[in-house]
Amino acid sequence: MSITIQNVSKHFGSFHAIDDVSLEIKTGSLVALLGPSGSGKSTLLRMIAGLEPPDSGHIYLIGEDATWQSVQERHIGFVFQHYALFKHMTIRKNIAFAMEIRKAPQNTISKRVDELLELVQLTGLGDRYPSQLSGGQRQRIALARALAVQPKVLLLDEPFGALDAKVRKELRSWLHKLHKEVNITTVFVTHDQEEAMEVADEIVVMNKGRVEQVGTPAEIYDKPATAFVMSFIGPVNVLPQSAGLFANNGTTAKNEGAAHSELVFLRPHDVEIQVKPGSGFATAKVSRIIHLGREIQTELLLDSGQTVTAFVSRDRFDFLQLQREQQVYVKPKNAMVFPAYSI
C-alpha cells in the first residue's frame, strides 16, 4: 500500500510540529523517519495512523483520501516503544486479541497465531505470559500482534528504544529480514542514525517539522542535501574556511562567493594522514589517540588551533606508528561546504 502525504501541517498551540510536509512512500518499502527529538517524526507517524488529525493537508492510502478516516478504517498495524502487551493474557491470547474482537473463526485464529509465532521465531512460547519473556521477545510479540489482522501498513514508533544496545542490534537485523518475508509497507520512527542506516530501504530526515532530505542510506550519507543532514547523519568535523586545511584541496563549495559565511564539513573517515610532508597537506599534531576496536580515532591539532577528528584503520595506524604529540600531515579527501547560517 502506497502512502502519500500532501502539504500536511500540525500545530500544538504556537509549536509547529509538522510544517507543510509532502512525502511519497512506495508500496512494500521499509522507510525510516529519522530526526532529533521535536523534529515531528512521531507526530507524522501518528497522523498516518489516524491517531492525530492534521490541521491542513491530506493523507492518501493507495490513492484514497484517508485524512478523516478512523483508525479502524485505515487497516494499519501500530507497534509502540513499550510493547503495550496485556500482562494478564498469555502470548497466544495477546496475538489473537484483535482477531477475537473481530469475531474471526476460532480455527482461523489458532492457525494464524501459530504462523505468527513461527514468523517471529518464538514457536513454543505461546502459553507463557509477557513477564516470562525478555524485552526483545516481548517486542517480537508486539509485532506479531500488529500483523495478526493482516494490516495494509505497519507503523513502528521507536520500536527498539526501550531495549539495550545488544538486543537492539539483533532486532534490527531481524526486522529487516521480517520485512522481506511479509512484504508490507512499513514506516518506523527512530532518532538512532545507525538504526535507520542499517534497517531502512529509504530514510526521511526530519528537522523542526520539515523534511530535510529523502533518500537511500548511501545517498543520505554520501550526498547530504543540507548542513543539518550532514551533521546529523554520522560523525563530522565542522570547521571554518580559515582552518588552514582546505586550500588547494578541491573542496566543493555549495555557495560560491560567500566563503566568509561558510563552514566546511568533513567526515573523520575522509581525513588522510601521513608522516611525511606532501602537496596539499597541512601540518598538525596528534593530541589524542582513542582505540575503538576495529578502528582508531585520532584527534589532530592544526596550526590554526582547530581540532580535527580522524578515523584510521588498525592496519593504517600500525603502519603510521602514530603517537601523542607527533607531528603529522593531513589532507581532506572529500569535504563539503554549507552556509554557516544553515545549521
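Below are some exercises, each with a worked solution.

**Exercise 1. Describe the protein as a whole: what does it contain, and what does its C-alpha trace span along its principal axes?**

Solution. Keep in mind that this is a predicted model.
- Step 1: Count the elements. The protein has 10 helices and 19 strands.
- Step 2: Look at the dimensions. The C-alpha trace spans about 75 × 45 × 30 Å along the principal axes.
- Step 3: Look at burial. Of the 343 residues, 48% are buried.
- Step 4: Look at the contacts. Among those between residues at least 6 apart in sequence, 68% join residues at least 24 apart.

**Exercise 2. Find the order of the strands in the open sheet of 4 strands, and explain why one side of β2 and of β5 is left without a neighbour.**

Solution. 
- Step 1: The order is β2-β1-β4-β5, with antiparallel pairing.
- Step 2: Go to the edges. β2 (15-25) and β5 each have a single partner strand, so one side of each has no neighbour in the sheet.
- Step 3: Follow the pairing of β1 with β4. Strand β1 (residues 3-12) is joined to β4 (residues 56-61) by 5 bridges, and I3 has L61 as its bridge partner in β4.
- Step 4: Move on to β5 (residues 64-65). This strand is joined to β4 by 2 bridges, with Y60 standing opposite D65.
- Step 5: Inspect the turn. The hairpin of β4 and β5 has 2 residues between the strands, and I62 there takes a positive phi near 50°.

**Exercise 3. Compare the span of helix α6 with the expected one, then find what covers its buried residues.**

Solution. 
- Step 1: Check the span. Helix α6 (residues 165-182) has 18 residues and reaches 26 Å from its first C-alpha to its last, close to the 26 Å expected at 1.5 Å a residue.
- Step 2: Pick out the buried residues. In α6 these are L171, R172, W174, L175, L178 and H179.
- Step 3: Recall a rule for reading such a list. An α-helix has 3.6 residues a turn, so residues three or four places apart point the same way.
- Step 4: Name the cover. Elements over the buried residues of α6 include β3 (30-34), α4 (106-119), α5 (135-147), β8 (185-190) and α7 (193-199).
- Step 5: Step past the helix end. N183 follows α6 and has a positive phi, near 50°.

**Exercise 4. Is T43 buried or exposed, and which residues is T43 in contact with?**

Solution. 
- Step 1: T43 belongs to helix α1 (residues 41-49).
- Step 2: Apply the cut-off. Buried means under 20% relative accessible area; T43 has 16%, so T43 is buried.
- Step 3: List the contacts. Apart from neighbours within four places in sequence, T43 is in contact with K10, F12, A17 and I18.

**Exercise 5. Work out which way the residues of β6 point, and which residue stands opposite V79.**

Solution. 
- Step 1: Apply the pattern here. I76 and F78 point one way from β6, while G77 and V79 point the other way, and all are buried.
- Step 2: Find the partner strand. β6 runs parallel to β7 (residues 153-157), with 4 bridges joining them, and V79 stands opposite L156.

Key: Residues are numbered from 1 along each chain as its sequence is written. This is a predicted model: local features need pLDDT of at least 70, side-chain atom pairs count only at pLDDT 80 or more; totals for chains, interfaces and linings use all residues. Side-chain values use heavy atoms; hydrogens and water are left out. Two strands pair if DSSP finds at least two bridges between them. The expected span of a helix is 1.5 Å times one less than its number of residues. Buried means under 20% relative accessible area, exposed over 50%, partly exposed in between (1.4 Å probe, protein chains only). Contact means heavy atoms within 4.5 Å.
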